[in-house]
Amino acid sequence: MARRSAAGRGRDTAVVEERAAPGRALASSADPSWGLTEPGGHGGRPGRGGGRTGGRWGGSGGRWWVWAGRAVLWALILVILVNGVRAPFERFTADDSSAGGGAGTASKPPKSAGFPSSAAGAFAIQFANVYLNYDQKTAPAREAQLRTFLPDGADAQFGWNGVGKMQVQSVQVAGVDARDAGNATVTLLARTADRWLRLAVPVYADKSGSLVVSARPALLPPPTKAQLPQGGVEDRDTALENELKPFLGTFFKEYADGNQEALSRFSAGTAITGLARSVAFMQVKEVIAAKGPNGERTVTATVVWQPAGGGGGELEQSYQLAMVKKGTTWLVRDIRGTTEPSAS
């Protein structure tokens, strides 16, 4: 390759060629636009003003960071603006909700909240005692009593044909189904000599609290008898049952008498009140204890009582006892009726 003469290019070109590293010199000759810059501000090529200092790499990298910084700054400004607008709007709507429909919707009472259920239940019981007790010999008396419960213009006997006789022994409220603040169905359970009756009585209550039977009642099927789950205590602690039976015999004798001083010796700190000789103790018929911790058990005891004034009749009753062991002695911490289905 022919070397061009430096004589025609002057002193500046000679200085550049002497100071440039070999690799950089090759790069400059391959692309004259990336020439080195001399202190005088001229590039490597003669006759052109050198406005560039070291090429474009430094400038393009700096602009990338500038744009990235601007994007982050604008994003931050946008978040601040959005939050600034949203915060007072949320406070405004929250105030409206608490003062108006928002809180009212969350805690809105049911439509039946204003219905006087207790009063309606008592009213329906009094009505049923007249309605379900009839006798053709005393029909006029029944008619007069029913007027208290019926609306004006209703059938005087409220559907009874005036023939025959029926009498109920007891009437109780089984439930009140309030439809709104003024209307409800009161369900009653009534007992005749040989069967149960379930009666649905519609009751209306006005704003003053006055009540009336708003329509004719309806007989419904009585409650069905539930079936107890099968099972019981499978893993019984027979040794503990035999140990506790004589102890509980003595305890229940004092429990029947109501001797507080004697009962305190059986108590694990909780005062136990006896039956004050309302019954006479006969025997502890059965004790059921499941296996468990050595120092604490819950047992079921079936006790035979003879009620005072009962003419010698006996009753078997079941108790649930929470017991704790102090040293070698078992004590009663609590006594109550059992809920165990397996208790006989």
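**View 1. Aromatic pairs across the predicted model.** Welcome to the rings: a search through the whole of this predicted structure turns up 16 aromatic pairs. One of them joins F251 and F266, whose ring centres are 5.9 Å apart with planes at 65°, so this pair counts as edge-to-face. Helix α7 carries F251, while F266 sits in the loop between α8 (260-264) and β8 (279-289), so the pair ties together parts 15 residues apart in sequence.

**View 2. How the two partners, F251 and F266, are buried.** Look here at the surroundings of each ring in turn. F251 is buried, with a relative accessible area of 0%. F266 also counts as buried, at 12% relative accessibility; the cut-off for buried is under 20%.

**View 3. P229 in its loop.** Our last stop is P229, found in the loop that runs between β7 (218-220) and α7 (238-257). P229 is exposed, and its relative accessible area is 60%. P341 is 112 residues away from P229 along the chain, yet the C-alpha atoms of the two prolines are separated by 7.5 Å.

Notes: Residues numbered from 1 in each chain as written. Predicted model: local features only at pLDDT ≥ 70, side-chain atom pairs only at ≥ 80, totals over all residues. Heavy atoms only, no water. Helix = DSSP H or I, 4+ residues; strand = E, 2+ residues; numbered from the N terminus. Buried < 20%, exposed > 50% of the residue type's maximum accessible area, 1.4 Å probe, protein only. Phe/Tyr/Trp six-rings, centres within 6.5 Å; stacked < 30°, edge-to-face > 60°.
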